[in-house]
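Please keep the sequence and the model in view while going through the numbered points.

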Amino acid sequence: MAGHIYIGEVLENEEIQEDCFLMKIRVASSFENPVPGQFVMIRIAGLHEPFLSRPISIYSFTRHEIYCTMELFYRVVGKGTQILAGLIEGSQLEINGPLGNGFDVSSVKKKVVFISGGIGIAPLSMLIETLRMRENFSSSEMVMYPGFQSISAVVGLERMNKLCRDVHVCTDDGTIGEKGFVTQIFKKDLEIFKPEETSMFACGPRGMIKALANVLNPSNFNCQVSLEERMACGTGACMGCVVAIKDEKGTLNYKRVCTDGPVFKLNDIIWDET
Amino acid sequence: MKTKSSPDIAVKIGRLKLKNPVMTASGTFGYGEEYAGYIDLDNLGAIVVKGLSLKPRLGNPPPRIMETTGGMLNAVGLQNIGVDAFIDEKLPFLRQYSTAVVANIYGETYDEYKKVAQRLSAAKGVHALEVNISCPNVKNGGLSFGCDPEIAARVTRVVKNETSLPVIVKLTPNVTDITAIALAVEKAGADAISLINTLTGMSVDLKTRKPHLKNITGGLSGPAIKPVALRMVWQVVQRVSVPVIGIGGIMTPEDALEFLVVGAKAVQIGTANFINPLVTMEIVEGIKDYLIDGKIKDVNKIIGTFQP
């Protein structure tokens, strides 16, 4: 699924929490409906600083009569996102998207578990919404484990609570919800879930995904994870955003997060490549 | 409105005929198909594909890229599917287009360069070879072939002996005197010379005091290197008589025109494709506009018209 280049107009760009921004953008109605887990490469139109576009996952997408709106949830982590955070209403963006392979919802089992770290809640929100609306999942079949560093970093919960009844919030410092890393909290519940009737989806920092791999190893859970890497092109050309992935024979291959991912099977990721 | 007649923008790199002087640079345009959804590949001067080796290459472990001021560092390490898979899986797609296909080739030994050249010469749909003797990110071959005039000449001869296709040799800027290498490969039979590949650089993460790239060093590309590239192209065109292709940090039509004016017959667009997949088409159109504005009927009329 190849992207296309659009000019987007910033409608809102609001700081929801410290360093966490929700940007609403208007794009042309020709923008293809994104699949949950897909992303866009965005840059400020006409500006070459920062040099590279920034990959940001799509939080929501709405088709209106003559245009579309898209929400991007992002955390200020460096120069690029710092500049994005300064954009005001009416600013123009160059948007390449939708890009990448989103979550595969073709064979979701009857119980669905979602695990997120920080801003990783964004693509999962869109996924849950899609499952609820399109696939007719009831909220009682879904369990969400959103983890944050602290109460001051909590984002996206309002929407999550509307979509999913069973939300187990946790924070590293215990300022809200249960205290502990989300993977530890989830591990305590692990025996409730059976691999043959459970699908899992996760998104978060690399360390969290790695910890999740350890929690689930050596079980047979089908867990799809969305990964993040520094990216130059987003279209599969630069080979810059690779991660180590096992192929069918078990040998290491470097796969592109942009076009082979960003969603991968957790079991296929090799964590200690040399 | 008065209709303007479109200027002639076709150029020749020796025997290689291009519809226009805008080529894509190896490693920045995949195997062409990655950009086919964005632009009409038929409107390019040439497509230079990702560097091909005899066997598939895994490439370097990540992180492989880092943004820098006015550019980026990369240490991809020539990850590629290998020459045979290219011929079987990628070339049929490219044959649908009328645009010249240039296969960039890489070897760790003279014999590997020879075998890759042999296979591509026997394949249908390859119009020229570009010999990569300048990759800074691989431990064997690549750069080491490009830093010594005698070795660079020998690689050129090895490839020339295996092919009847035009042979372009791509030079590294990471040498003391690039004209010495250019003269050596010209004497060895190179049909054209392309330059520059990336400049070796590095970047440090101050939180961890580790390099941003796993490979520690990487190749710098982007607008930051354009003045260096332009200077080197100018130096080389004064010394050689074979056609020269200018590469390095070209982002705009004006950048491309500067290279043509100093004497490059064509240009390659690299890193700019990453941030704007439409950039090659914008550059083709911008060159046309410049010619129309200057009432110049043929792009060849501006090549080498530099007034120092």
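This is a predicted model: local features need pLDDT of at least 70, side-chain atom pairs count only at pLDDT 80 or more; totals for chains, interfaces and linings use all residues.

1. B:Asp191 has 20 other C-beta atoms within 10 Å. A residue counts as buried when 20 or more such atoms lie within that distance, and B:Asp191 is therefore buried.

2. Where does B:Asp191 lie? Its place is the loop of chain B between α5 (178-187) and β10 (192-195). If neighbours within four places in sequence are set aside, the contacts of B:Asp191 are B:Gly14, B:Pro166, B:Val167, B:Ile168 and B:Val242. As for B:Val228, it is 37 residues away from B:Asp191 in sequence, and the two are 24 Å apart in space, C-alpha to C-alpha.

3. The next topic is the nonpolar core. The largest nonpolar core holds 182 residues, and the members that touch the most others are B:Leu129, B:Ile193, B:Val233 and B:Val267. Helix α2 (residues 121-133) of chain A gives the most to this core, namely seven residues. In soluble globular proteins, nonpolar side chains tend to be buried together.

4. Which residues does B:Val233 touch, if those up to four places away in sequence are not counted? They are B:Leu195, B:Val244, B:Gly246, B:Phe259, B:Val262, B:Gly263 and B:Ala264.

5. Strand β4 (residues 54-63) of chain A deserves a separate point. Of its ten residues, seven are buried, so the strand is largely enclosed by the rest of the structure.

6. The partners of this strand can be described in turn. Strand β3 (residues 39-44) of chain A runs antiparallel to β4(A) and is joined to it by four bridges; A:Phe39 stands opposite A:Ser57 of β4(A). Strand β5 (residues 67-75) of chain A is also antiparallel to β4(A), with five bridges between them. In this pairing A:Thr62 stands opposite A:Thr69 in β5(A). A hairpin through three residues connects β4(A) to β5(A).

7. The last point concerns the two chains together. How many residues of chain A are in contact with chain B? There are 24, and they are in contact with 29 residues of chain B. On the side of chain A that touches chain B, β1 (4-17) and β14 (242-246) of chain A each supply at least two residues. The residues of that side comprise 13 nonpolar, seven polar and four charged.

Key: Residues are numbered from 1 along each chain as its sequence is written. Chains are lettered from A and ligands numbered from 1 in the order in which they are written. A nonpolar core is a set of buried Ala, Val, Leu, Ile, Met, Phe, Trp, Tyr and Cys residues joined through C-beta atoms within 7 Å. A residue is buried if 20 or more other C-beta atoms lie within 10 Å of its own, exposed if 12 or fewer, and partly exposed in between; C-beta atoms are placed from the backbone. Two residues are in contact if their C-beta atoms, placed from the backbone, lie within 7 Å. Two strands pair if DSSP finds at least two bridges between them. Ala, Val, Leu, Ile, Met, Phe, Trp, Tyr, Cys and Pro count as nonpolar, Asp, Glu, Lys and Arg as charged, and the others, Gly among them, as polar.
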